[in-house]
Structures are given as structure tokens and as C-alpha cells.
Amino acid sequence: MSLFPPDRALLFPQFETYRLRPLDPAQAAPSYALPSPATQSRAGHDVALSFNEVRSRIAWDHVATAGRRGIYVDGDWAVVVFELDDNLVPRFAQLAQLKRGKAEYPSVLALTTSTWAVTSDALLHILRLSPSLTLDSIQTYDLGSPVLLHAAHADGDIGRLLATRTTRDGEGSRYKARKTAFEMAEVVVDLAADVGKGKGREAIEVRWELRGGDLPVHASWDGGWLVLAGEPFEEITPEEAPDAADVHIDVDPAPVATTAVESVEADAPKPYRWTQDSTSLNLTITFTGERPRISITSTTLTSPLGALELWAEVDPALSTWTFSDAAGSDAGTVVLDLAKADEGTRWPSVFVDDDDVPETLTPELLAAVRDSFQVRTRDAGEPDGAVLAMPALMREEMEFDDDDDDAEAGVGREVVVGFWRRDGASSSSIEWAKQAVTALSLPLEGQSIVVKSGVDGLHFAPPATPATAAWTHTATSPALAFVLSSKRDVRAVRHLAGEAKVVALDAGSLSFGTGNAYVYYPPRDKTEASQGVVPVSGADRGGLLGVGVVSVGSRTAVVALCERELVVLDI
């Protein structure tokens, strides 16, 4: 059973192109100076980091949001809160000054709109805010080792935090890195504790229950912890649980060589290859032994694959097949040319029961699709004048490698879906999906995921048991994987689940170029959808550090934290 089955009614097989929706940067993406610069360059060159840690830090989200508020830690380790008024204009206030961490980034999460969790190495701070953006109280907990926070949930007076820590085995040197693992735990705090500002520090004994080889990509609460990770976390047995003295969180003065990336098992060969054009579908199947029987009806195909139902109808009278036998071998191939009954319809798969065999896109087809995305047509009602300057941004977006026959193959991040439910203080259960999936976009709020399917992005909502039961296909962003494949500087891809709107944001930098935000709107008909492009990062604003979503009345806006400015995307 597929964990992410597509709903044919929500697909757009005849989709052709995105049309540019003009966005005025002054209205759609105003920016506001930060009180003091923020940064992601916190670890010195003497800190030994594994490859997976470096990859996680590159994508780390340095801002958290809830309601109309957001919070981040600036370059001097000061906790700064911002709140948007009814016109989406932020005001800032400094809440607290943290002790500078050495081993981990500070992590910030919202428990409620007035209660926030912030870490600096092994210290967890629970901050309570007043309506006037002043600090009501702060309670500090010592977790025993440096941690990162990945998700938070408030259940009445109980706050739950999903945390990870890094452990290293063996002795490292400048030529040999230590083996790195990551342990996961649920940290529970009493949100009703009566504390004052900066009043004492309480130690919490954290029970580290899971261990894995990579950090989570995303996590959220849905009756348990829904975790997306590069590989599964396994339960730690009592015999495997390390003592505190065995957990190495060192700052090594000698540079350490980066760890080698573990080899990945090659994908199993696909049972067939296929391509298509507007009138026909070409299918190549390998077989052994005698030539098999081939039978084609308008809805089914009998071949070495068995008798299978086709995704759409074909014309049997115009469909043909050809056998080819390998010399000196009992292996052969059969090449079928299936004439589409409905010409112009693009098939997402060959058969109704999709077995995850992607279409082999030819260079000619990719070039044609690229050319269609470069067409700029002024829609009725678009203003004259400076609007026509916007396609220059599109030319940068559509950069394409003509030598790459499958450009979208490297888009997204391969993840495994896990669900961790703790039953009381001493027992828990963890389930992981058997197959990995390519995530194109992560949610700005709630629980959802955009999954790569061919060149499309399919939006899915989770069931009650997300690691074992089928997710629900809710919407489609057609050709999303294809358009994202042309981006060379994207730092984050996020979506608003309720609107099926996807935002891809460039990293940008202080020293080189301007980073854009690319907004992909839901399709307006079977063949077209809209796309907007606005500058969001780079140059004087600095690099992108994080993305969040705020709600002000009935309005929803995306906020992008850069090194020197906060950008509010009213899109």
C-alpha cells in the first residue's frame, strides 16, 4: 500500500504553464529594520561538526511564530520578540539576554502566543509575555547537555517539547572525525509553575529514548510526535543508554575532517520505462524466456507485467508493439506504442495502480516545457509601465541545464515518516513508514506535506496513524518539482496548507546578489496557474535566516527573518 496515494480528480494532466502575477514589492514584501543584526554564524572554526549537523544548520529555522507574534535570538544572544499590528507593521522588544552557547544553535518555539521556549546549549528557558510585549516571567531549566528543539505543544498547563542532542563516540583528530549519533527525547515542563523573573534554575532529568543517524527535518504534534527524518530513529535499550560522562559535547581546538557520507544502497531497477507525447505513450518492458502474449484493450494492457488497468483509455486499433531479442541471451524487450484516445492529455502514470515508475523525460520535451514557462502574456487588467520589468526575475528563475535529462530528480529532501507516541512516563511506541518519500515543501503551520510525484507537488494531510495509514491527497501544485529544479539558491520551501499556496525563498547574502521569494498559487483552470516573484533577501537585508506565518484578524502573512531586516510577505 502506498502511504501517499494520489487522487486522480485532483491532478492536472493537461497543465501547461505558470503565468506571472505582478506583485508590487512595496505592497507585497515591505521590510523593516531589526533592532540589532541577527546571524547564523555562531559556531567557531574549532567546533567539530559532522556532515549531517552542517546540513541541518544550513536549513535551520531561526524564527518562531504564533498568532501575530514572532521571536528570534539576535547576533548578541538577546531574545527579541515582534508583533504585527492590523496593518502588518511590526514592533520589536528585547526580552532577555542569554548566555552564549558554544555547542548548539539557539532554538526558539512557541508553546502559546504568550509562552515561548528558548534554548542556549543545555539551558531551556520558558518565557511568559505580557500583552504589552514585556517579560512577565522566565523559568530556566538545566537539561544536562546541549539540545535543539524541533517541535512544541501545550496541553493545558503541560508543555511538551521534542528535543535532540548530539553524541560522539571515540577519539577525534584533524584527520579522523568521531562517529556522530543523535538522540531524541520529550521534555515535559509545568507551564503553571509560579516563578518570577530570573528566579533560580531547576534541573530536569531528561530520558533520552530514541537514537538515529540524522537530525529530524520536520516535526509537529498530532496526538503524538509526527517526525520527518532522513532515516528512522530506533529505541534505546537500557543497556545502550549512555551515562552522562559518555556524552561528548566538546570544543576541539584542532580542525576535524568532515565525516564521509555513508553510501546509499542503489535503487532497485524499475520494471519498465515510459515516455509520452500529446498523442501516444511509449512503454519499454524487459522479459526473459519466450516471448510473452501481448493484448491491448481500450482500458487494459496484458504484458510481462500482467493484466493491468491503464490510467486512461487508448485506441487498440492504432496501438502497436515490437519485440527485440538480445543475441546469445534469453532476455528480450518489447516496445509498445499506445495511441491515446484523448489526445493532449498528459498521463501522470501508465497504470491506475501506480508503482512509482517516473516518466523518462526526453531533452526535447524538457526544452519544450522550459520554453512554455518563458512565455510572458499580459493578462487583461494588468497595468502598463513598470510591470514588464518583472520577467527579468523569471529569466533568472528559468535557468536550465541542457545536459540534465531529469533536472527535477534532485529536488526536495528524501524523508521517512515516523510517529512517536508516549504512553505515560515509562512507556512509548514508535512506528516508521517502510518507504521513503521526497518532500518538496514543509508546512508553515499544522500538519501536512507536499510530496514529489513526477514533476508535480501533491499536498497531503496525515491520518490518525501517519506512519502506517494512507495520507489524504488534498490539493496539487502542478509542475512544482520542475520549476523548483531551476532554483540554485533556495534555502526554504514552505506552504500554506489551507490555501495550497507554496513559497520558495532564496538564501541571499550580504555580499552577493538579491534573493527572491517565488509564490506558486493554486491552479485557476486545467492548464494554467499563477506565480508571483518579489525580492526578499540579500544585499542590505542580508541572508535569509528563517520563515514563519502570522495571523492578524482574517489576514495571513508570511514573515521572512533576514540578518538585518524582517520582511512581511502579504501574498
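1. Arginine 555 is partly exposed in this predicted model, at 33% relative accessible area. Its side chain meets that of aspartate 570 in a salt bridge, 2.8 Å from N to O. The pair links distant parts of the chain. Arginine 555 sits in strand E37 (residues 555-562), and aspartate 570 in the segment after strand E38 (565-569). The two are 15 residues apart. Aspartate 570 is partly exposed as well, with a relative accessible area of 31%.

2. The structure holds 18 salt bridges. One of them joins the side chains of glutamate 528 and arginine 19, at 3.2 Å from N to O. Glutamate 528 belongs to strand E35 (residues 528-538) and arginine 19 to strand E1 (residues 17-20), so this contact ties together parts that are 509 residues apart in sequence. Glutamate 528 has a relative accessible area of 16%, and buried means under 20%, so it counts as buried. Arginine 19 is buried too, at 17%. Shared partners extend the pair: salt bridges join Arg19, Arg524 and Glu528 into one network.

3. Next, a hairpin. Strand E5 (residues 78-84) pairs with strand E6 (residues 90-97) in the antiparallel sense, over 7 bridges. Between the two strands lie 5 residues. Leucine 88, in the turn, has a positive phi of about 65°. Leucine 84 stands opposite proline 90 in E6.

4. Arginine 91 and glutamate 83 form a salt bridge, with the closest N and O atoms 3.4 Å apart. Arginine 91 is partly exposed, at 42%.

5. The largest nonpolar core has 33 residues. Phe4, Leu162, Val227, Val417, Ile449 and Trp471 touch the most other members. Strands that give two or more residues to this core include E13 (179-190), E17 (225-229) and E26 (413-423). Also among them are E27 (427-432), E28 (437-443), E29 (449-453) and E30 (456-461). A second, separate core has 22 residues, including Ala492, Val547, Val567 and Leu569. In soluble globular proteins, nonpolar side chains tend to be buried together.

6. Tryptophan 471 deserves a look of its own. Leaving out residues up to four places away in sequence, what does tryptophan 471 touch? Its contacts include Leu3, Phe4 and Pro5, along with Leu226, Val417 and Ile449. Phe460, Ala461, Pro462, Pro463 and Pro466 are also among them.

Conventions: Residues numbered from 1 in each chain as written. Predicted model: local features only at pLDDT ≥ 70, side-chain atom pairs only at ≥ 80, totals over all residues. Heavy atoms only, no water. Core = buried A, V, L, I, M, F, W, Y, C linked by side-chain atoms within 4.5 Å. Buried < 20%, exposed > 50% of the residue type's maximum accessible area, 1.4 Å probe, protein only. Helix = DSSP H or I, 4+ residues; strand = E, 2+ residues; numbered from the N terminus. Contact = heavy atoms within 4.5 Å. Pairing = 2+ DSSP bridges. Salt bridge = Lys/Arg side-chain N within 4 Å of Asp/Glu carboxyl O.
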